[in-house]
Amino acid sequence: MAAEVAHTTTPELDIRKTAMWAFLASELMFFGALISTFLLYRGRTSGGPDAKELFDIPFTSVSSFVLLMSSLTMVLAHNAWERNDQRQMRLWLLSTAGLGLVFLGGQFFEFSTFVHEGLKLDTSPFGSSFYMLTGFHGAHVAVGVLMLSAMVMISYRVGLTKSRGMNVELVALYWHFVDIIWIVIFTVVYLLQV
Amino acid sequence: MAAETPASQEAEEHADHLSPANYWAIALFLGIVTAVEVAITYIPGYDGALLVISLLVLGIVKFLTVVAFFMHLKYEPFTMNFMFYFGLLGALALFIAMLLSFRALLDTF
């Protein structure tokens, strides 16, 4: 009976993972369009502040480092899940969510500073494309934090074992994706513009 | 018998080859690459095409490292690799097409 269950559930799990990769591929194109838009409009400041005046590279570098380290904690959570170590898994999931919140706090601070210095959503095409790109990325991080929190709650209620599906693996894929998008944004939007 | 092993099971077996120590080492590498990225933007005279190419190469290295080892794509079946890299190529094609449409490709960097 157990063998039957394993036999019938494996293809289903595979499909979920494949679907996640397909979703991430579509997200790549979504962010590709947003990054292209930013690059087209980066010089159109309409008299408002530009990237050189606004960007604080040391601060954004720390944010980038925080997000990179959240990928480490996420992969450690995934590793603990594979070993069925629920305690370690919860610890790393919570660490990942915490680092995600630190990143979001940094982004909120950065946006507040930029608005204070005169860059609002409707100030210029540069401002609009910058806030759309980084704002959508921030929204993805926020969704990731919610999913991680849900994982922790589910693990306390019923446990997150391999036999209960591959939720941790799917959330991990999503979280790492958010990280790789930030790697591109940090290089192309921040470092190359100053 | 081995031929009947599901692809996802094979991938998990490969993924298990990486230990937490390996992941810490990869994270250290990523941290060092990020530090190098930031550092070279402050080197006087290190600018123009050289800076752009260096930053793009370092960014690509970080991107592929996370995808290959943290996302375990290196150990996944061909179908998943194909889907992801097809999406990546699609994004690059979109990027080039958009910038070409506005005659902005060469001005971008």
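How many salt bridges are counted between chain B and chain A? The count is one salt bridge, and B:Glu76 forms it with A:Lys17. The model is a predicted one, and the two chains bury about 4100 Å² between them.

**Contact between chain B and chain A**

- The contact draws 46 residues from chain B and 46 residues from chain A.
- Of the area buried between the two chains, about 4100 Å², 77% lies on carbon and sulfur atoms.
- In the salt bridge of B:Glu76 with A:Lys17, the closest N and O atoms are 2.7 Å apart.
- Three residue pairs, both residues at pLDDT 80 or more, are in polar contact between chain B and chain A.
- On the side of chain B that touches chain A, at least two residues come from each of α1 (7-15), α2 (20-40), α3 (48-70) and α4 (78-101) of chain B.
- Helix α4(B) gives the most to that side, with eleven residues.
- By class, the side of chain B that touches chain A comprises 31 nonpolar, nine polar and six charged residues.

**Helix α6 of chain A**

- Helix α6 of chain A covers residues 167-190 and has 24 residues.
- From the first C-alpha of α6(A) to the last, the helix reaches 33 Å, close to the 34 Å expected at 1.5 Å a residue.
- Helix α6(A) is mostly covered, with 22 of its 24 residues buried.

- A:Thr96 is found in helix α4 (residues 86-116) of chain A.
- A:Thr96 counts as buried because its relative accessibility is 0%, under the 20% cut-off.
- A polar atom of the A:Thr96 side chain lies 2.6 Å from the backbone oxygen of A:Trp92.
- Leaving aside residues up to four places away in sequence, A:Thr96 touches A:Ser70, A:Thr73, A:Met74, A:Leu148 and A:Trp175.

- A:Ser46, which is not a glycine, has a positive phi of about 50°.
- A:Ser46 is placed in the loop between α1 (2-41) and α2 (51-54) of chain A.
- With a relative accessible area of 57%, A:Ser46 is exposed, since the cut-off for exposed is over 50%.
- A:Asn84, also a residue other than glycine, has a positive phi near 60°.
- The loop between α3 (57-82) and α4 of chain A holds A:Asn84.
- A:Asn84 counts as partly exposed, at 45% relative accessibility.

Technical notes. Residues numbered from 1 in each chain as written. Chains lettered and ligands numbered in written order. Predicted model: local features only at pLDDT ≥ 70, side-chain atom pairs only at ≥ 80, totals over all residues. Heavy atoms only, no water. Contact = heavy atoms within 4.5 Å. Buried area = accessible area lost by both parts, 1.4 Å probe. Salt bridge = Lys/Arg side-chain N within 4 Å of Asp/Glu carboxyl O. Polar contact = N/O pair within 3.5 Å; in protein donor to acceptor, adjacent residues only side chain to side chain. Helix = DSSP H or I, 4+ residues; strand = E, 2+ residues; numbered from the N terminus. Nonpolar A, V, L, I, M, F, W, Y, C, P; charged D, E, K, R; others polar. Expected span 1.5 Å × (residues − 1). Buried < 20%, exposed > 50% of the residue type's maximum accessible area, 1.4 Å probe, protein only.
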